[in-house]
Amino acid sequence: YKSQKDIKHLISIMQLKYKFKVDFDAKQYIGINLVWDYNRRTVCCSMKDYIKQALTELEHIPTDSRHHSAPSCVQRPDYGAQMQYAHDDNGDPLPELRIKYVERVVGKLLYYARAIDNTMLHAINDIATQKSDATTSTIKAVQYLLNYAYSNPDASVVFRASNIILHVDSDAVYLVAPQTRSR
């Protein structure tokens, strides 16, 4: 817009149809807090206290006091073995109420993971693929993810303006998903 009159007119017309807030400082967008540094050409995105609120809502109590540095538990490789085999899930099936809890956890953390802390995405994806056939192993994975969130509650992402051109190459990993699927 070129003048304050133009923007005021646009806002007044849009308010006839839609309910919204106007933030000329751009400090928040869709629940994400934005901290702009125009001199350094950066913006820091965060969702302060989102994890704290989510853990309270999900009634999470940490299972141990140690810091969790990863969102999912890693299966220790069998060093020296000729062939690495996938671990079968031999857990007992979960009742419907526990499956609903798994769905709540996935739903609550997915937005945060996509917007701010993408380190959670792998664990959330694994849990989400298991939720229809959830077992006690699935609940252990959920508990581990929630412990990770408890240990790392206030992640943030900093975006920097640059002239870089990004070229991407994809890779695959083996034996990280149930039933020996690759990713």
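This is a predicted model: local features need pLDDT of at least 70, side-chain atom pairs count only at pLDDT 80 or more; totals for chains, interfaces and linings use all residues.
Helices here are DSSP runs of H or I with at least four residues, numbered from the N terminus. Leaving aside residues up to four places away in sequence, Tyr 150 touches Leu 55, His 60 and Pro 62. Compare that with Leu 94: Tyr 150 and Leu 94 are 56 residues apart in sequence, and their C-alpha atoms lie 24 Å apart in space.

Next, let us see how the helices pack. Two packed helices are described by the angle between their axes and the distance between the axes.

Take helix 5 to begin with. The axes of helix 3 and helix 5 come within 11 Å and cross at roughly 35°. Helix 3 passes helix 5 in a left-handed crossing. On the helix 3 side, the residues that meet helix 5 are Arg 98, Tyr 101, Val 102, Val 105 and Leu 109. Their partners in helix 5 are Thr 138, Ile 139, Val 142, Leu 145 and Leu 146. Sorted by class, this contact of helix 3 with helix 5 has eight nonpolar residues, one polar and one charged.

Now follow helix 3 (residues 96-115) to helix 4 (residues 121-130), where the axes come within 10 Å and cross at roughly 150°. Angles over 145 degrees count as roughly antiparallel, so helix 3 and helix 4 are roughly antiparallel to each other. This crossing, too, is left-handed as helix 3 passes helix 4. Helix 3 brings Val 102, Val 106, Leu 109, Leu 110, Ala 113 and Arg 114 to the contact, while helix 4 brings Leu 121, Ile 124, Ile 127 and Ala 128. The residues of this contact divide into nine nonpolar, no polar and one charged.

The next partner is helix 2. Helix 2 and helix 3 pack at an angle of about 175°, with their axes 11 Å apart. That angle makes helix 2 roughly antiparallel to helix 3. From helix 2, the contact uses Tyr 50, Ile 51, Gln 53, Ala 54 and Glu 57, and from helix 3 it uses Arg 104, Lys 108, Leu 109 and Tyr 112. Here the classes are five nonpolar, one polar and three charged.

Let us turn to the loops. Arg 41 lies in the loop between strand 2 (32-37) and strand 3 (42-46). Its phi is positive, about 60°, although Arg 41 is not a glycine. Further along, Asp 49 lies in the loop between strand 3 and helix 2 (50-57). Asp 49 is not a glycine either, yet it has a positive phi of about 70°.

Our last stop is a pocket. The second largest pocket has a volume of about 200 Å³. Its lining is made of Lys 21, Val 22, Asp 23, Ala 26, Gln 28, Tyr 29, Ile 30 and Gly 31. By class, that lining has four nonpolar, two polar and two charged residues.

Note on methods:
Residues are numbered from 1 along each chain as its sequence is written. Side-chain values use heavy atoms; hydrogens and water are left out. On a 1 Å grid over the protein atoms alone, a cavity is a set of points where a 1.4 Å probe fits but cannot get out, and a pocket is an open set with protein on both sides within 12 Å along at least five of seven lines; lining residues have an atom within 4 Å of a point. Grid points are joined across faces, edges and corners, and a volume is the space filled by probe spheres set on the points. Ala, Val, Leu, Ile, Met, Phe, Trp, Tyr, Cys and Pro count as nonpolar, Asp, Glu, Lys and Arg as charged, and the others, Gly among them, as polar. Axes are lines fitted to C-alpha atoms, for helices over the stretch in contact, and angles run from 0 to 180 degrees between N-to-C directions. Helices (H or I, at least four residues) and strands (E, at least two) are DSSP runs, numbered from the N terminus. Angles under 35 degrees count as roughly parallel, over 145 as roughly antiparallel, 65 to 115 as roughly perpendicular and the rest as oblique. A crossing is left-handed if the near helix is turned anticlockwise from the far one by less than a right angle, and right-handed if clockwise. Contact means heavy atoms within 4.5 Å.
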